[in-house]
Amino acid sequence: MSISPPSSDRSDVTQIVVVMVGLPARGKSLIAGKVKRYLRWTSVKAEVFNVGKYRRTDNPHPDAKFFDVNNPEGEKARKAAAEAAVADMLKWFQDKDNKVAILDATNSTKSRRKWIHDKIMEANLLHLFVESKCDDEELIMSNILEVKTSSPDYIGQDPEAAAKDFRDRIRNYEKVYQTIDESEKQLTYVKIINIGARVVINLIQDYLQSRLVYYLTNLHIKPRSIWLSRHGESEFNLEGKIGGDANLSERGERYAKLLPELVKRSGLPKDAPLTIWTSTLKRTSQTAQHLQKELGWEKLQWKALDELDSGVCDGMTYQEIAEKYPEDFQARDDDKYNYRYRGGESYRDVVIRLEPIIMELERSENIIIITHQAIVRCIFAYFMEIPQEKSPWMEVPLHTLMKLTPKAYGTEVERFKADIPAVSTWRPKGSTAKHHDSISEGMPESVVGEPSKVGIQKATNVNEKAMGEVPTIEMVGLPLP
Ligand SMILES: O=P(O)(O)OC[C@H]1O[C@@](CO)(OP(=O)(O)O)[C@@H](O)[C@@H]1O
């Protein structure tokens, strides 16, 4: 039995300040949030320091005049907010386990950037300036409408008036905005122009900096969805055995046949290309076969999408494991994320091998992934920011398709459940009970993750024979502002 290192033990990672740069409505907060989520998923301790939050303590609802450079009161308050955020950030770095702080503000002048750079150098930290530069009017407008009118600055205000005031605020920033240029070549920076249409990179020195740059340059904001499903029920699932490379059961094959319809019913973007990703195991390829045949979509097999390797326990039931390796069984219950099967993997190991998948997913447009219980949990945890102590215990029923749609704040999840019975392979902590039958009663809340981050949830039952009726829609929570 072995336990892989705990989350705080990333001593290989240096301490870095990621400094956002750019005019309002250029997606800075969105990028900051994604970087934090990505790093935390890979066990790097990260935090966002949003200067706006500090400013709101004294000035919760300022109008555009507050942001005018010729308004000394406003200038003073904004400088004080930046100082308070930077001071808190530097305090946060005193804990050496804390690795990446993201300073989310416009930082739109050279003098402001020099001040931040000097502070970072004094504190002996590394830095990475990330400028989001965008002159695509359509993108800016959709950002203004989607994000800013729901900003805490404009709570309770008429959206039209809020959007107008916000445009005036941007104009005030434009008067003084200086893009990062040659005169700042001592800075380590990445400049992302029109959301990745062009990228300029300067002076990258460190492994984490380059990983961040790679991640940042893969991001895009084109509308798209990611469909996630486990394979259909397998013969091993029926017997309660884990791992292996079994064929689908008869019910699993029915799910495979129904899947093209289920995907269509979930709402496909018109004429948008869709690629199928599976693992290299038979049960996922068999589940994808009708999708490929009927809809003609390209299929890619990824070894990285194979199920968590259960080592010497491969092919056993949980009952057999509890009898043969009682200490291991207990250790896995005590810390399921870090427990590594003898000769196999832990959830932590799986996340590491999934990192290229996440990078590729960020670059891609519409993808349908047919994979396994543990892998679905890890991918879902990335998108929904599920903490490590919870993600390995999430219930992911068979014969259920999830559609994840990234939005400005959070990911929207819709679930489409096929009305084809399947065993439940979910094992609660402490139990060795054999699988029980779970039919289409809809998924328990436990699968949905943090309701506040989920946005809208749809649970749609599609019956094999009578596809006419449905859908049941439950609203679990609205996206956070
Ligand atoms: O981490 P736990 O909860 O054991 O879940 C992972 C297990 O799920 C299973 C089913 O029990 O996945 P799969 O459906 O791909 O066969 C096992 O093969 C795998 O070991």
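The protein chain falls into domain 1, residues 13-218, and domain 2, residues 226-475. Please keep in mind that this is a predicted model.

Nine residues of domain 1 are in contact with nine residues of domain 2. On the domain 1 side, the elements that contribute two or more residues are α1 (28-41) and α7 (207-218).

Six strands make up an open sheet with mixed pairing, and their order is β3-β4-β2-β5-β6-β7. Which strands stand at the edges? They are β3 (45-50) and β7 (198-202); each has a single partner strand, so one side of each lacks a neighbour in the sheet. On average, neighbouring strands are turned by 15 degrees against each other, with direction ignored.

Within this sheet, β2 (residues 16-21) and β5 (residues 126-133) pair in the parallel sense, over six bridges. Here you can find Met 20 opposite Val 130 of β5. In general, strands of a sheet pair through backbone hydrogen bonds, in a parallel or antiparallel way. Helix α3 (residues 72-92) lies across β3 and β4 (98-104), and runs at about 170 degrees to β4.

Now to the annotated site. An unreviewed UniProt entry carries the annotation "binding site" for Arg 230, His 231, Gly 232, Glu 233, Ser 234, Glu 235, Phe 236, Asn 237 and Arg 283. These positions are spread over 54 residues of sequence, yet they cluster in space, with a largest C-alpha distance of 14.1 Å.

Are they buried or exposed? Phe 236 counts as buried because it has 20 C-beta neighbours inside 10 Å, and Asn 237 counts as buried because it has 26. The table lists their contacts, leaving aside residues within four places in sequence.

| Residue | C-beta neighbours inside 10 Å | Contacts beyond four places in sequence |
|---|---|---|
| Phe 236 | 20 neighbours inside 10 Å | Lys 241, Gly 244, Ala 246 |
| Asn 237 | 26 neighbours inside 10 Å | Ser 249, Leu 398, Val 423, Thr 425 |

Terms used: Residues are numbered from 1 along each chain as its sequence is written. This is a predicted model: local features need pLDDT of at least 70, side-chain atom pairs count only at pLDDT 80 or more; totals for chains, interfaces and linings use all residues. Two strands pair if DSSP finds at least two bridges between them. Helices (H or I, at least four residues) and strands (E, at least two) are DSSP runs, numbered from the N terminus. Axes are lines fitted to C-alpha atoms, for helices over the stretch in contact, and angles run from 0 to 180 degrees between N-to-C directions. Two residues are in contact if their C-beta atoms, placed from the backbone, lie within 7 Å. Domain bounds come from an automatic or database domain assignment. UniProt positions are given in the numbering used here, feature names are shortened, and annotations may be inferred rather than shown by experiment. A residue is buried if 20 or more other C-beta atoms lie within 10 Å of its own, exposed if 12 or fewer, and partly exposed in between; C-beta atoms are placed from the backbone.
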